[in-house]
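Me: I have a structure open and would like to go through its architecture with you. Could we start with the terms?

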Amino acid sequence: MMKVLGIGDNVVDKYVHIKTMYPGGNAVNFSVFAKKLGVEAAFLGTFGDDKEAEHVENVLKELEIDLSHCRHFRGENGCARVTLEDGDRVFLGSNSGGVTRENPFQLTEEDLEYIKGFSIMHTGLHSHTGHIMEELSTLGVPLSFDFSDDFQQEEIDQNISYVDYAFFSCSHLTHEETEQFLKANRKKDGQILVATRGSDPAIAFDGKEHYYQAPDFVKAVDTMGAGDSFITAFLLHFLKSNDIAASMMEAAPFAAKSCLVEGSFGYGVPY
């Protein structure tokens, strides 16, 4: 049975225009979307001791996400301030991960044995896991990493050699620039790089050829989590099929569907 693990960030996204907060974060979203796709999922991260942390943790427990190896610290949970413009999420600021940033994750021997039981693990640029990437890469479990849309080349260079799957948001690049970018940053055999590009076709590169997938167009309620849903659906399908084109085709409608939900995956409460 396939089991997947999100490692790193959990946040609440506070929608300031409606005074409502939704659970999210790249690693949490991966775990939740995987669960929605019928796969056993876990999250390994750090919670604060405020009402924001309590909300995220309660929702993940309700969704039956395994939280058995999570940490708890006094202090603010990860929190971002957000608004919407024509259904497109706009970030207004954050506390940069709160307790997740303030208490760098240290993996125990028990954690390492636990992680070895998963089919794949996923983390990202905002997960505050850069210091354990090398250690994660030695566990024999495929490692996926989301570089998001605000990556710097230095951050790519620091992490790319450890990962099997790398994802980038490249709406700022042309089709040709994206192809060149993926080719330039592929660093090891077997590595697959994928760039999502908003309303333009996503592009993947496996070292030999590029693959393309147009998005499914919907009238978006909220684009929060769209990239994470694409990543999740792509990875789960690829692990079963080993087919990049088919996995991108599977990911596009799942990502579109996530744009019809408020927040990354719903569960909003007033704040």
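This is a predicted model: local features need pLDDT of at least 70, side-chain atom pairs count only at pLDDT 80 or more; totals for chains, interfaces and linings use all residues.

Me: Fine. In what order do the strands of the open sheet run?

Reply: Nine strands form it, in the order β5-β4-β1-β8-β9-β10-β11-β12-β13, and the pairing is mixed. β5 (71–72) and β13 stand at the edges with a single partner strand each, so one side of each has no neighbour in the sheet.

Me: Which strands does β1 pair with, and in what sense?

Reply: β1 pairs with β4 in the parallel sense over six bridges, and with β8, also in the parallel sense, over three bridges. Gly8 has Gly45 in β4 as its bridge partner, and Gly6 has His122 in β8.

Me: Why is β1 described as largely enclosed?

Reply: Five of its six residues are buried, so the rest of the structure largely encloses β1. Buried means under 20% relative accessible area, exposed over 50%, and partly exposed in between (1.4 Å probe, protein chains only).

Me: Moving along, how many bridges join β8 and β9?

Reply: Strand β8 (residues 120–124) and strand β9 (residues 143–146) pair in the parallel sense over four bridges. Thr123 stands opposite Phe145 in β9.

Me: Which strands does helix α1 lie across?

Reply: Helix α1 (residues 26–36) lies across β1 (3–8), β4 (40–47), β8 and β9, and runs at about 165° to β1. Helix α2 (residues 51–62) packs on the sheet too, touching β4 and β5, with its direction at about 165° to that of β4. Contact here means heavy atoms within 4.5 Å; axes are lines fitted to C-alpha atoms, for helices over the stretch in contact, and angles run from 0 to 180 degrees between N-to-C directions.

Me: Now α7. Which of its residues are buried?

Reply: In α7 (residues 175–185), they are Thr178, Glu179, Phe181, Leu182 and Asn185. They cover an arc of only 160° around the axis, which puts them on the same side of α7; the arc is that of the directions from the helix axis to the C-beta atoms. Gln180 and Lys183, on the other side, are exposed.

Me: What covers the buried side?

Reply: The cover includes α6 (153–159), β10 (165–169), β11 (192–197), β12 (200–205) and β13 (210–213).

Me: Last topic: how many aromatic pairs are there?

Reply: A search of the whole structure finds 14. Rings of Phe, Tyr and Trp (its six-membered ring) pair if their centres lie within 6.5 Å; planes under 30 degrees apart count as stacked, over 60 as edge-to-face and the rest as tilted. Tyr165 and Phe238 have ring centres 5.8 Å apart and planes at 75°, so this pair is edge-to-face. Tyr165 is in strand β10 and Phe238 in helix α8 (residues 226–241), 73 residues apart.

Me: What is the geometry of Phe168 and Phe181?

Reply: They form an edge-to-face pair, 4.9 Å centre to centre with 90° between the planes. Phe168 lies in β10 and Phe181 in α7, so the pair ties together parts 13 residues apart in sequence.

Note on methods: Residues are numbered from 1 along each chain as its sequence is written. Side-chain values use heavy atoms; hydrogens and water are left out. Helices (H or I, at least four residues) and strands (E, at least two) are DSSP runs, numbered from the N terminus. Two strands pair if DSSP finds at least two bridges between them.
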